[in-house]
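Subject: Structure for your review

Dear colleague,

Please find below the structure that I am handing over to you. My notes on what was found in it follow directly after it.

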Amino acid sequence: MPRKHRLWSPYHYFHIVMRGNNRQTIFLHHSDYQAFLRILEYTYQKYQFSIIAFCIMPNHYHLLLRSPYAPHSKIMAMINRRYSDYFKKKYNYTGHLYEKRFFSDIVPSPFDIIAVSRYIHRNPINTTVPLVETLALYLYSSYYYYYNKVPAPFCFLHQDTLLSYLIHSKYPTLDLYLTYCEDDYDLQLNHNKS
(Lines give C-alpha, C1' and ligand atoms only; values in the text may rest on other atoms or scores of the structure.)
Protein backbone atom coordinates (compact mmCIF):
# COMPACT_ATOMS: atom_id res chain seq x y z
CA MET A 1 0.00 0.00 0.00
CA PRO A 2 1.51 3.39 -0.96
CA ARG A 3 2.27 5.96 1.70
CA LYS A 4 -0.37 8.59 2.31
CA HIS A 5 0.57 11.90 0.69
CA ARG A 6 1.54 14.52 3.28
CA LEU A 7 -0.43 17.72 3.57
CA TRP A 8 1.68 20.80 2.88
CA SER A 9 0.74 24.45 2.93
CA PRO A 10 3.30 27.17 2.27
CA TYR A 11 1.23 29.54 4.44
CA HIS A 12 0.99 27.49 7.65
CA TYR A 13 3.28 26.33 10.38
CA PHE A 14 3.46 22.60 11.10
CA HIS A 15 4.28 20.89 14.36
CA ILE A 16 6.86 18.25 13.45
CA VAL A 17 8.12 15.50 15.73
CA MET A 18 10.77 12.84 15.03
CA ARG A 19 11.54 10.04 17.51
CA GLY A 20 14.38 7.60 17.87
CA ASN A 21 13.64 3.98 16.98
CA ASN A 22 11.97 2.26 19.94
CA ARG A 23 12.28 5.65 21.68
CA GLN A 24 16.03 5.16 22.04
CA THR A 25 18.34 8.06 22.76
CA ILE A 26 19.54 9.66 19.52
CA PHE A 27 21.37 12.62 21.08
CA LEU A 28 24.02 11.18 23.38
CA HIS A 29 26.41 14.08 23.82
CA HIS A 30 26.45 17.88 23.58
CA SER A 31 28.26 17.53 20.25
CA ASP A 32 25.28 15.60 18.82
CA TYR A 33 22.89 18.45 19.60
CA GLN A 34 25.36 20.85 18.02
CA ALA A 35 25.64 18.65 14.93
CA PHE A 36 21.85 18.58 14.59
CA LEU A 37 21.66 22.38 14.82
CA ARG A 38 24.36 22.64 12.13
CA ILE A 39 22.28 20.30 9.94
CA LEU A 40 19.21 22.53 10.43
CA GLU A 41 21.33 25.52 9.42
CA TYR A 42 22.71 23.71 6.37
CA THR A 43 19.21 22.65 5.29
CA TYR A 44 17.94 26.21 5.82
CA GLN A 45 20.54 27.46 3.35
CA LYS A 46 19.00 25.12 0.76
CA TYR A 47 15.29 25.68 1.44
CA GLN A 48 14.81 28.93 3.43
CA PHE A 49 12.20 27.66 5.88
CA SER A 50 11.17 29.31 9.14
CA ILE A 51 11.26 27.75 12.60
CA ILE A 52 9.74 29.71 15.48
CA ALA A 53 10.09 27.07 18.20
CA PHE A 54 12.22 23.97 18.60
CA CYS A 55 13.26 21.57 21.31
CA ILE A 56 15.79 18.78 20.92
CA MET A 57 15.24 16.10 23.54
CA PRO A 58 17.50 13.08 24.11
CA ASN A 59 15.27 10.69 22.14
CA HIS A 60 13.22 12.98 19.89
CA TYR A 61 12.87 16.52 18.65
CA HIS A 62 10.11 19.05 17.95
CA LEU A 63 10.04 21.78 15.32
CA LEU A 64 7.40 24.43 14.65
CA LEU A 65 8.22 24.95 10.99
CA ARG A 66 6.82 26.74 7.96
CA SER A 67 8.23 26.10 4.52
CA PRO A 68 7.00 28.54 1.86
CA TYR A 69 9.11 27.23 -1.04
CA ALA A 70 9.37 23.45 -0.71
CA PRO A 71 7.23 20.75 0.90
CA HIS A 72 8.39 20.17 4.45
CA SER A 73 8.68 16.45 3.66
CA LYS A 74 11.62 17.35 1.41
CA ILE A 75 13.20 19.41 4.18
CA MET A 76 12.70 16.67 6.75
CA ALA A 77 14.15 14.05 4.42
CA MET A 78 17.37 16.06 4.22
CA ILE A 79 17.53 16.78 7.96
CA ASN A 80 16.84 13.20 8.99
CA ARG A 81 19.13 11.61 6.42
CA ARG A 82 22.04 13.88 7.29
CA TYR A 83 21.64 13.37 11.04
CA SER A 84 21.23 9.62 10.63
CA ASP A 85 24.42 9.48 8.53
CA TYR A 86 26.25 11.53 11.17
CA PHE A 87 25.03 9.34 14.04
CA LYS A 88 25.76 6.03 12.29
CA LYS A 89 29.27 7.09 11.39
CA LYS A 90 30.10 8.52 14.82
CA TYR A 91 28.69 5.61 16.85
CA ASN A 92 29.22 2.78 14.36
CA TYR A 93 25.45 2.27 14.43
CA THR A 94 23.52 0.06 12.01
CA GLY A 95 19.79 -0.25 11.41
CA HIS A 96 17.03 2.33 11.61
CA LEU A 97 17.76 5.37 13.74
CA TYR A 98 14.18 6.66 13.68
CA GLU A 99 10.99 5.00 14.87
CA LYS A 100 8.94 5.74 11.73
CA ARG A 101 8.08 8.65 9.48
CA PHE A 102 8.03 12.00 11.21
CA PHE A 103 4.80 13.28 12.75
CA SER A 104 3.44 16.41 11.08
CA ASP A 105 0.33 18.38 12.03
CA ILE A 106 -0.84 21.69 10.61
CA VAL A 107 -1.15 24.52 13.14
CA PRO A 108 -4.19 26.39 11.85
CA SER A 109 -4.36 29.65 13.81
CA PRO A 110 -2.24 32.20 15.68
CA PHE A 111 -3.75 31.00 18.98
CA ASP A 112 -2.70 27.44 18.13
CA ILE A 113 0.80 28.60 17.19
CA ILE A 114 1.25 30.09 20.65
CA ALA A 115 -0.17 26.98 22.36
CA VAL A 116 1.99 24.57 20.32
CA SER A 117 5.11 26.67 20.88
CA ARG A 118 4.41 26.49 24.63
CA TYR A 119 4.00 22.73 24.41
CA ILE A 120 7.32 22.43 22.55
CA HIS A 121 9.13 24.69 25.00
CA ARG A 122 7.80 22.80 28.05
CA ASN A 123 9.18 19.43 26.88
CA PRO A 124 12.27 19.43 29.15
CA ILE A 125 10.11 19.76 32.30
CA ASN A 126 7.07 17.77 31.15
CA THR A 127 8.94 14.49 31.33
CA THR A 128 8.51 11.88 34.08
CA VAL A 129 11.79 13.13 35.52
CA PRO A 130 12.35 16.76 34.45
CA LEU A 131 15.64 17.31 32.63
CA VAL A 132 16.09 20.76 34.20
CA GLU A 133 14.65 22.72 37.12
CA THR A 134 13.53 25.61 34.92
CA LEU A 135 12.98 25.94 31.19
CA ALA A 136 15.62 28.64 30.83
CA LEU A 137 18.34 26.17 31.83
CA TYR A 138 17.71 23.84 28.90
CA LEU A 139 20.23 24.72 26.21
CA TYR A 140 18.76 22.74 23.31
CA SER A 141 15.55 24.69 22.91
CA SER A 142 14.54 27.99 21.34
CA TYR A 143 13.11 28.95 24.73
CA TYR A 144 16.64 29.69 25.90
CA TYR A 145 16.90 32.54 23.36
CA TYR A 146 13.43 33.94 24.04
CA TYR A 147 14.00 33.87 27.80
CA ASN A 148 17.39 35.58 27.59
CA LYS A 149 16.07 38.05 25.00
CA VAL A 150 19.03 37.42 22.72
CA PRO A 151 19.05 36.62 19.02
CA ALA A 152 19.81 33.00 18.29
CA PRO A 153 22.97 32.25 16.29
CA PHE A 154 20.86 30.37 13.71
CA CYS A 155 19.31 31.84 10.58
CA PHE A 156 16.44 29.34 10.67
CA LEU A 157 15.02 30.57 14.01
CA HIS A 158 12.70 33.50 13.28
CA GLN A 159 12.08 34.89 16.75
CA ASP A 160 10.34 38.05 15.50
CA THR A 161 7.66 35.95 13.84
CA LEU A 162 6.60 34.34 17.12
CA LEU A 163 6.67 37.75 18.80
CA SER A 164 4.37 39.13 16.09
CA TYR A 165 1.81 36.42 16.89
CA LEU A 166 1.88 37.41 20.57
CA ILE A 167 0.77 40.99 19.93
CA HIS A 168 -2.84 39.99 19.18
CA SER A 169 -3.08 37.23 21.77
CA LYS A 170 -3.82 36.90 25.49
CA TYR A 171 -0.03 37.14 25.95
CA PRO A 172 0.84 40.32 24.03
CA THR A 173 4.36 40.70 25.43
CA LEU A 174 7.32 38.37 25.56
CA ASP A 175 7.31 38.45 29.37
CA LEU A 176 3.65 37.33 29.49
CA TYR A 177 4.43 34.56 27.00
CA LEU A 178 7.37 33.37 29.11
CA THR A 179 5.11 33.25 32.17
CA TYR A 180 2.55 31.29 30.14
CA CYS A 181 5.26 28.78 29.18
CA GLU A 182 6.54 28.42 32.73
CA ASP A 183 3.14 28.22 34.42
CA ASP A 184 2.09 24.64 35.13
CA TYR A 185 -1.61 25.50 34.95
CA ASP A 186 -2.29 22.32 32.91
CA LEU A 187 -1.19 20.29 35.93
CA GLN A 188 -3.33 22.44 38.23
CA LEU A 189 -6.39 21.95 36.01
CA ASN A 190 -5.91 18.19 35.96
CA HIS A 191 -5.43 18.15 39.74
CA ASN A 192 -8.62 20.19 40.27
CA LYS A 193 -10.61 17.74 38.11
CA SER A 194 -9.64 14.76 40.29
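A search of the whole structure, which is a predicted model, finds 2 salt bridges; the term stands for a side-chain nitrogen of Lys or Arg within 4 Å of a carboxyl oxygen of Asp or Glu. In this predicted model, local features need pLDDT of at least 70 and side-chain atom pairs count only at pLDDT 80 or more, while totals for chains, interfaces and linings use all residues. Residues are numbered from 1 along each chain as its sequence is written, and side-chain values use heavy atoms, with hydrogens and water left out.

Salt bridges

One of the salt bridges pairs Asp 32 with Lys 90, with 2.9 Å between the closest N and O atoms. This pair links distant parts of the chain, since Asp 32 belongs to helix H1 (residues 30-47) and Lys 90 to helix H2, 58 residues apart. Helices (H or I, at least four residues) and strands (E, at least two) are DSSP runs, numbered from the N terminus. Asp 32 counts as buried, at 0% relative accessibility, whereas Lys 90 counts as partly exposed, at 38%. Here buried means under 20% relative accessible area, exposed means over 50%, and partly exposed lies in between, with a 1.4 Å probe and protein chains only.

In another salt bridge, the side chains of Asp 175 and Lys 149 meet at 2.8 Å, N to O. Asp 175 is partly exposed, with a relative accessible area of 46%.

Backbone angles

Lys 149 also has a phi near 55 degrees, a positive value in a residue other than glycine. Gln 48 is a further residue other than glycine with a positive phi, near 50 degrees. Most residues other than glycine have a negative phi. Gln 48 sits in the loop between H1 and S2 and is partly exposed, its relative accessible area being 35%.

The sheet

An open sheet of 4 strands has the order S2-S3-S1-S4, and its pairing is antiparallel; two strands pair if DSSP finds at least two bridges between them. Its edge strands are S2 (50-56) and S4 (103-107), each of which pairs on one side only. From one strand to the next, the twist averages 15 degrees. Axes are lines fitted to C-alpha atoms, for helices over the stretch in contact, and angles run from 0 to 180 degrees between N-to-C directions.

S2 and S3 (residues 60-66) run antiparallel and are joined by 6 bridges. Ser 50 has Arg 66 in S3 as its bridge partner, and Cys 55 stands opposite His 62 in S3. Helix H2 (residues 72-91) packs on the sheet, where it touches strand S1 (13-19), S3 and S4, and its direction makes about 145 degrees with that of S3.

A hairpin joins S2 to S3 through 3 residues. Asn 59 is found in the loop between these strands, S2 and S3. The side chains of Asn 59 and His 60 are joined by a polar contact of 2.7 Å; such a contact is a pair of N or O atoms within 3.5 Å, where within protein one must be able to donate a hydrogen and the other to accept it, and residues adjacent in sequence count only if both atoms are side-chain atoms.

Buried residues and the core

How many residues of S2 are buried? The count is 7 of the 7, so S2 is largely enclosed by the rest of the structure. In strand S1, Ile 16 is buried, with a relative accessible area of 0%. Ile 16 and Phe 54 are 38 residues apart along the chain, and their C-alpha atoms are separated by 9.4 Å. Leaving aside neighbours within four places in sequence, Ile 16 is in contact (heavy atoms within 4.5 Å) with residues including Leu 63, Met 76 and Phe 102.

The largest nonpolar core has 60 residues, and those with the most contacts inside it are Phe 54, Phe 156 and Tyr 177. A nonpolar core is a set of buried Ala, Val, Leu, Ile, Met, Phe, Trp, Tyr and Cys residues joined through side-chain atoms within 4.5 Å. H1 supplies the largest share of this core, 7 residues.

Yours sincerely
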